[in-house]
Amino acid sequence: MLFKDIPIRRNLMRGILLICCMVLMVTCISFFCYEVYVFRKSTIEKLSTTGRIIAANSTAALAFENREDAKEILAALRTEPHIVTAALYDKDGNLFCRYPAGQNIQDFPVRPGSGGYHLEHSWLEGFQPVVQNSRQLGSLYLKSDLEGMYERFRIFGLVAALVITLSFSLSILLSRVLQKSISNPILALAETAKIISD
């Protein structure tokens with residue numbers, strides 16, 4: 001009798017655990033995809049807002065070709081730890097000022113690109129037009145790392161691993177309890193059928 005119980009109980013337990021694992025995996029993958037989408041969108045919006053603020057403050061420096069003012073404006077980006085490089089280009093597309101000041105000039109685009117921000121490998125970068133009274137005075141270039149996103153994903157991974165481990169442990173415990181209530185009547189019925197057939 002004892003050896004006959006094992007296959008039914010084991011199969012029920014496997015079935016319950018498999019269903020729990022599939023539900024957990026689908027849930028975690030869904031949340032991860034949502035997190036990637038939301039964080040990517042919010043990071044682009046944040047960089048775009050920073051770009052608009054710096055571009056608005058840079059109009060006078062570009063209009064009067066004041067490099068010292070431009071350096072001070074770009075130096076304010078040190079409060080944003082994820083922005084690695086920034087540059088101002090004049091209306092002719094020439095590099096006017098760069099941040100950090102000692103950064104190699106080859107690390108900057110030769111000419112400004114079109115407006116907007118996009119992901120490029122492990123960076124988020126783009127250009128913001130510097131406009132005053134509908135007249136473009138130049139362009140601002142910003143380049144940000146994605147360490148904030150990676151840090152968030154690391155935390156998400158740890159939380160997901162913890163939730164999966166706890167849920168899996170709970171499902172093992174519940175499956176042991178539930179499989180007895182399901183398998184015992186089936187085994188009793190099988191034993192009764194065996195007695196009748198004998």
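A pocket here is an open set of grid points with protein on both sides within 12 Å along at least five of seven lines. By that definition, the second largest pocket of this predicted model has a volume of about 190 Å³. The largest pocket holds about 220 Å³ of space. Helix α3, residues 67–75, is also covered below.

**Largest pocket**
- The lining of the largest pocket counts 15 residues, and F39, T43, K46, H82 and S144 lie nearest the centre.
- Two or more lining residues come from each of α1 (2–57), β5 (135–145) and α4 (147–197).
- α1 gives the largest share, 6 residues.
- By class, the lining of the largest pocket splits into 5 nonpolar, 6 polar and 4 charged residues.

**Second largest pocket**
- L62, A63, E65, R67, D90, K91, D92, F96, R135 and L137 line the second largest pocket.
- The lining of the second largest pocket has 6 charged and 4 nonpolar residues, but no polar ones.

**Helix α3**
- A70, I73 and L74 are the buried residues of α3.
- Viewed down the axis of α3, these buried residues fall within an arc of 95°, so they line one face of the helix.
- E68 and E72 are exposed on the other side of α3.
- At the start of α3, N66 places a side-chain oxygen within 3.2 Å of the backbone nitrogen of E68.

Conventions. Residues numbered from 1 in each chain as written. Predicted model: local features only at pLDDT ≥ 70, side-chain atom pairs only at ≥ 80, totals over all residues. Heavy atoms only, no water. Buried < 20%, exposed > 50% of the residue type's maximum accessible area, 1.4 Å probe, protein only. Helix = DSSP H or I, 4+ residues; strand = E, 2+ residues; numbered from the N terminus. Arc of directions from axis to C-beta. Polar contact = N/O pair within 3.5 Å; in protein donor to acceptor, adjacent residues only side chain to side chain. 1 Å grid on protein atoms, 1.4 Å probe; cavity = no way out; pocket = protein on both sides within 12 Å on 5 of 7 lines; lining within 4 Å. Points joined across faces, edges and corners; volume = space filled by probe spheres on them. Nonpolar A, V, L, I, M, F, W, Y, C, P; charged D, E, K, R; others polar.
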